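Trainee: I would like to examine one part of this model closely, together with its surroundings. Please treat it in a single connected account.

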Amino acid sequence: AMAFLPGIVGIQIATPLVALVSLTIEVFLLLRYRAEVDIQAVLPIADAALGGIPVGIWAFDGVDECYFLIGLGIVITGYALYALLNIKLPELASPVWAYAAGLLAGVLGGAFNTSGPPVIIYGNCKRWPPLEFKGNLLCFFIISSLFVALGHAVGRNFTQTVWEYFLWTLPAIGVGYVAGTYLDRYLNPKMFRKVVLVLLVLLGVRLIFG
């Protein structure tokens, strides 16, 4: 959503809007994967993220939109290329990396609503099993999204326009959730992942040079 919504409604509406939408979706997804969560693995990342979120929201309020969109494009393109290339990263043992990944995720989450890349890369380096990977990510995302939303509320970024758009998204979220759950059994996950990542590269490049 953050790859193309800023070009439609502007960054000042897209960022707080996606914060609300993300939080709503993650609540439902966490109910589905709650049994797979390793809370001890998530807490250090989440704690560090709470320190980075205010920095990201401050940047959102203070940086020119043009530079902001370029930064968002770099984050999206960089992560998509990393995922497409299947880069093999070393296994991380030191707990320091959890705090480093969490802090960076918090900054990116507060600024761009894109806290995922550092945590996904960290999870890969920790060799989390697939189901635990999903559960841990969702647990982290819901904590991060909650505090990002609170930060935007304190910063008065939830304008009337944002709330109106959010109400319009609710039926789409419901339809998308049901459709995604049904189609999940028929889609080839590897092909679907590649298509999404290629689209992210194109959208990210567009943000950088658009």
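How many residues does α5 have, and what distance does α5 reach from its first C-alpha to its last?

Mentor: The model is a predicted one, and the helix in question, α5, spans residues 96-112. α5 has 17 residues and reaches 24 Å from its first C-alpha to its last, close to the 24 Å expected at 1.5 Å a residue. Its buried residues are Ala 98, Ala 101, Gly 102, Ala 105, Gly 106, Leu 108, Gly 109, Gly 110, Ala 111 and Phe 112. The cover over these buried residues includes α2 (11-33), α3 (39-62), α4, α6 (116-125) and α7 (130-154).

Just after α5 comes Asn 113, with a positive phi of about 60°. Asn 113 lies in the loop between α5 and α6. Most residues other than glycine have a negative phi. Asn 113 counts as buried because its relative accessible area is 19%, and the cut-off is under 20%.

Asn 86 is exposed, because its relative accessibility is 56% and the cut-off is over 50%.

The loop between α4 and α5 also contains Ile 87, which is partly exposed at a relative accessible area of 42%. Ile 87 belongs to a nonpolar surface patch with Leu 81, Leu 84, Leu 85, Met 191, Val 195, Val 198, Leu 199 and Leu 202, with about 810 Å² of accessible area together. α4 (65-85) and α9 (189-209) each supply at least two residues of this patch, and α9 gives the most, with five.

How values were computed
Residues numbered from 1 in each chain as written. Predicted model: local features only at pLDDT ≥ 70, side-chain atom pairs only at ≥ 80, totals over all residues. Heavy atoms only, no water. Patch = residues over 30% accessible without salt bridge, like charges linked within 9 Å, V, L, I, M, F, W, Y side chains within 5 Å. Areas by Shrake-Rupley, 256 points an atom, 1.4 Å probe, with all protein chains shown as cover. Salt bridge = Lys/Arg side-chain N within 4 Å of Asp/Glu carboxyl O. Helix = DSSP H or I, 4+ residues; strand = E, 2+ residues; numbered from the N terminus. Buried < 20%, exposed > 50% of the residue type's maximum accessible area, 1.4 Å probe, protein only. Expected span 1.5 Å × (residues − 1). Contact = heavy atoms within 4.5 Å.
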